[in-house]
Amino acid sequence: MAQEQATGALTSAELSFLPKLGIGFAALLLLYAGLSSSTLMGPGIGASSGGIFGPDATLLAPATLAFSIWTVIYLGLFGCAVLVWFPDSRSNERRRTGVWPAAMSMLLNMLWITAAMRGIVWATIPLVLAVLASVIMLLERVRGRRAAGPAAAIIVEGTFGLYLGWLLVASAANVMAVVRHGGSNPAGAASQALAVILLLVVIAAAVAASIRYPRVWGIPIAVCWALIWIIRQRTHGALSSPLIAGLAFAGAVAVTLAFVWPLMRGSAPQVRAADGAASLANVPRTGR
């Protein structure tokens with residue numbers, strides 16, 4: 001009887017057609033925006049808005065190669081849009097709660113690309129923060145719900161972990177770019193102080209996120225990836241800064257330890273069932 005009730009509950013939680021269509025449409029819009037902003041179809045975002053997003057425009061701008069992480073993130077996002085069309089009884093609730101934040105993050109990302117390419121610089125800060133908030137919303141909604149299989153785990157723990165980790169650093173870099181657009185000297189004392197403050201905030205937020213989402217391994221990977229390329233650009237680029245490079249290195253170490261330390265201690269996080277109905281189906285039967 002418990003198993004029949006569980007099956008019925010899972011069927012009622014099946015993802016409807018509208019969210020599937022919504023996330024597919026959002027993925028296509030993001031694909032178009034991503035391609036139009038790449039160097040394959042033009043100068044790219046680095047050369048837009050007067051070059052304020054270039055690698056030597058601000059102290060928190062990473063080397064150009066750092067942005068190759070977007071290829072992995074985009075592939076994961078498109079995989080997410082495809083995955084929701086396949087039936088999967090164990091992760092219906094996980095998908096149902098996460099599909100709209102995922103679609104929202106894609107649409108907001110598309111709007112950010114449009115604003116950056118069209119030189120609407122002031123709009124990029126609220127937009128990047130909105131993308132960040134939507135990704136956090138998704139991770140909060142699926143937090144503690146076990147993925148049904150490797151594909152679902154890679155999509156969320158991998159893709160959206162990379163997404164969140166990159167956005168934490170990108171948000172700070174975006175603020176620096178807007179300040180630079182306002183006429184600030186990128187190598188001046190004020191810019192140095194702002195970069196230090198923003199980098200400390202990023203490190204603290206990344207450590208907190210790694211602790212909050214211990215299974216989302218994409219977060220520390222993306223944060224460390226971004227920080228490594230900031231170190232590379234501040235030690236080899238035209239706008240050098242040993243202070244920022246050293247702080248970025250310390251941040252990468254701190255974020256890595258925040259993720260690895262609980263694993264070394266063997267304190268695996270508690271994970272609840274994929275949904276309440278599935279937990280009923282897994283209750284062991286006892287004889288009379």
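In the predicted model, Arg234 is buried, with a relative accessible area of 1%. The side chain of Arg234 forms a salt bridge with that of Asp56, at an N to O distance of 3.6 Å. This pair connects distant parts of the chain, since Arg234 belongs to helix α8 (residues 218-236) and Asp56 to the loop between α2 and α3, 178 residues apart. Asp56 itself is partly exposed, at 34% relative accessibility.

Two salt bridges are present in the structure. Besides the Arg234 pair, the side chains of Glu140 and Arg212 meet at 2.8 Å, N to O. Glu140 is located in helix α5 and Arg212 in helix α7 (residues 189-212), so this contact ties together parts 72 residues apart in sequence. Glu140 is partly exposed, at 32% relative accessibility, and Arg212 is likewise partly exposed, at 36%.

The largest pocket has a volume of about 1100 Å³. Its lining comprises 41 residues, of which Ser37, Ile45, Phe67, Trp70 and Tyr74 are the closest to the centre. By residue class, the lining consists of 28 nonpolar and 13 polar residues, with no charged residue. Helices α2 (17-36), α3, α4 (92-117), α5 (124-142) and α6 (150-181) each contribute at least two lining residues; the greatest contribution, seven residues, comes from α6.

Val82 lies in helix α3 (residues 69-83) and is partly exposed, with a relative accessible area of 47%.

Definitions and conventions: Residues numbered from 1 in each chain as written. Predicted model: local features only at pLDDT ≥ 70, side-chain atom pairs only at ≥ 80, totals over all residues. Heavy atoms only, no water. Helix = DSSP H or I, 4+ residues; strand = E, 2+ residues; numbered from the N terminus. Buried < 20%, exposed > 50% of the residue type's maximum accessible area, 1.4 Å probe, protein only. 1 Å grid on protein atoms, 1.4 Å probe; cavity = no way out; pocket = protein on both sides within 12 Å on 5 of 7 lines; lining within 4 Å. Points joined across faces, edges and corners; volume = space filled by probe spheres on them. Nonpolar A, V, L, I, M, F, W, Y, C, P; charged D, E, K, R; others polar. Salt bridge = Lys/Arg side-chain N within 4 Å of Asp/Glu carboxyl O.
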